[in-house]
Amino acid sequence: EGFQWLLPVCFPVASGLVVVAMIASLACWRKSPAVAFYAFLLVPVAVFTIGFRGFLSYANTKTNQPLAQRIGHLADGAEIVCLRCFPSGLPLYLKRCVVVVTDTGKEFKSNYIAFMLKKTTQWPVGVVRSSERDDWLAKQQRPLYVIAPEREHDTLMAAAAQKHASVTELEPGLWGALLPR
């Protein structure tokens, strides 16, 4: 699964590298440093030029930019709340802060953040303890767009039902709902 992006790239890049190897062999046979130098320069050209589409395809599978664009359209100015999840790069792509509801901070994928949350009693403004989630949600004065992974789908459904809101599947395993005030 993790290497599916390589399939359309393998044969073209391998073909390009075979051509480079043939040029390098020619350089060796003719004892020509200039041809050897050209063969050396052709390696990155062959790999990146021929494999560019595959690398672009791989990059698109690893980014949350399409998710952020979809959330940006659905959220309509509401505050973004991530319920026990944190899609990497979401604040960057949305160009605004998000609130993360968490138990330990492991959603941030940073040992430092998890360590600091464990060590301190007062958490930063953009991080809410899971145990304080319901109180925090009740105190909010603006609409919230809540994002939840599959394991929190029932929690999101209950919050959405309470506010008469609908839940949308943003991508496989990730759900969202716009909760009015």
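Which residues gather in a patch of negative charge on the surface?

## Negative surface patch

In this predicted model, the patch of negative charge on the surface is formed by Glu-150, Asp-154, Glu-169 and Glu-171. One of these residues, Glu-150, is located in the loop that connects β4 (144-149) with α8 (153-162). Glu-150 is partly exposed, because its relative accessibility is 46%.

## Nonpolar core

The largest nonpolar core comprises 21 residues. Within this core, the residues with the most contacts are Ile-71, Ile-80, Leu-90, Val-98, Tyr-145 and Ile-147. At least two core residues are supplied by each of α4, β1 (79-83), α5 (90-94) and β4. Helix α4 provides the largest share, with 4 residues. In soluble globular proteins, nonpolar side chains tend to be buried together.

## Gly-72 and Lys-95

Helix α4 (residues 65-75) also contains Gly-72. This glycine has a relative accessible area of 33% and is therefore partly exposed. A distance of 9.8 Å separates the C-alpha atom of Gly-72 from that of Lys-95, and the two residues are 23 residues apart along the chain.

Lys-95 belongs to the loop between α5 and β2 (99-102). With a relative accessibility of 76%, Lys-95 counts as exposed.

## Positive phi angles

Although Lys-95 is not a glycine, its phi is positive, at about 60 degrees. His-164, likewise a residue other than glycine, has a positive phi near 60 degrees. His-164 is placed in the loop between α8 and β5 (167-171), and its relative accessibility of 77% makes it exposed.

Notes:
Residues numbered from 1 in each chain as written. Predicted model: local features only at pLDDT ≥ 70, side-chain atom pairs only at ≥ 80, totals over all residues. Heavy atoms only, no water. Patch = residues over 30% accessible without salt bridge, like charges linked within 9 Å, V, L, I, M, F, W, Y side chains within 5 Å. Areas by Shrake-Rupley, 256 points an atom, 1.4 Å probe, with all protein chains shown as cover. Salt bridge = Lys/Arg side-chain N within 4 Å of Asp/Glu carboxyl O. Lys, Arg positive; Asp, Glu negative; His and termini not counted. Charge placed at Lys NZ, Arg CZ, Asp CG, Glu CD. Buried < 20%, exposed > 50% of the residue type's maximum accessible area, 1.4 Å probe, protein only. Core = buried A, V, L, I, M, F, W, Y, C linked by side-chain atoms within 4.5 Å.
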